[in-house]
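Please keep the sequence and the structure in view while reading.

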Amino acid sequence: MGDAQSRCRHCGHGGSGHGAHAGGGPQIARLRSQCAQWRGPLGRGHAYGAVRVSGKVLGLVGSGRIALAVARRAQGFGMRLAYTGRRRNEIFEAATGACYLDKKELLASSDFVSLHIPLTPETRHYMAAADLALMPPHAVLVNTARGAVVDEEALVEALEGGRPGGAGLDVFEREPHAHPGLRMLPNVLMTPHRGVATPDSLIDMGEACAHKIFDALDGRLPQDCLNPHARKA
């Protein structure tokens with residue numbers, strides 16, 4: 001999108017950050033919901049069949065603002081944090097205490113894996129069959145990023161095979177349709193990508209958008225401009 005906007009000499013903008021603050025809560029809520037539904041050693045629905053998150057490892061894929069918001073909330077539950085990405089992010093590490101792992105190590109060692117990456121040609125099917133097979137049988141995959149970063153066909157087969165043990169999905173590969181196999185699985189929690197749609201967050205995002213428009217009209221570089229070089233064209 002940024003390249004097309006640059007050719008038209010328009011500034012493209014990322015999110016204002018308000019969505020990140022609102023988004024961090026729903027990710028943790030999905031994680032907790034999966035724990036409550038977990039088929040523990042005494043069976044699903046038993047009073048002692050749920051799983052606690054305290055002391056468990058949350059593996060974050062990405063280290064941007066939403067990942068940071070999720071990490072801070074996870075700290076409140078006493079979770080241990082790890083993350084992966086194209087490179088280390090020392091600012092993220094200082095803010096969260098998370099340790100950097102490569103992708104394979106993170107998938108193999110995390111109790112929960114939460115995806116926070118954009119959809120690009122490189123990240124399409126970031127979680128494919130071989131990646132899902134690395135996750136432990138008790139692990140849960142949470143995707144609130146973009147649906148196509150997960151190969152849904154492979155995910156259905158992986159969940160049926162017990163690796164990983166569950167999934168919390170807020171986005172889908174072919175929205176608005178979810179893979180029919182996902183709807184049949186008892187270890188999948190699906191939601192309609194509405195976690196950010198609170199009145200406060202919508203007002204904040206609208207105000208942030210207006211401020212960026214005013215900045216551009218006044219000749220200032222708006223915050224979160226994705227293609228600042230376009231102004232020099």
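Tyr100 is partly exposed, with a relative accessible area of 28%, whereas Tyr83 is buried at 0% (buried means under 20% relative accessible area, exposed over 50%, partly exposed in between, with a 1.4 Å probe and protein chains only). This is a predicted model, in which local features need pLDDT of at least 70 and side-chain atom pairs count only at pLDDT 80 or more, while totals for chains, interfaces and linings use all residues. Residues are numbered from 1 along each chain as its sequence is written, and side-chain values use heavy atoms, with hydrogens and water left out.

**Aromatic rings**
- The structure holds 2 aromatic pairs (ring centres of Phe, Tyr or Trp, the last by its six-membered ring, within 6.5 Å; planes under 30 degrees apart are stacked, over 60 edge-to-face, the rest tilted).
- The ring centres of Tyr83 and Tyr100 are 5.2 Å apart with planes at 70°, so this pair is edge-to-face.
- Tyr83, Phe92 and Tyr100 form one aromatic cluster.

**Nonpolar cores**
- The largest nonpolar core has 29 residues, of which Val113, Leu115, Met127, Leu132, Met135, Leu141 and Leu155 touch the most other members (a core is a set of buried Ala, Val, Leu, Ile, Met, Phe, Trp, Tyr and Cys residues joined through side-chain atoms within 4.5 Å).
- Apart from this core lies another, of 16 residues, including Leu60, Val70, Phe92 and Phe112.
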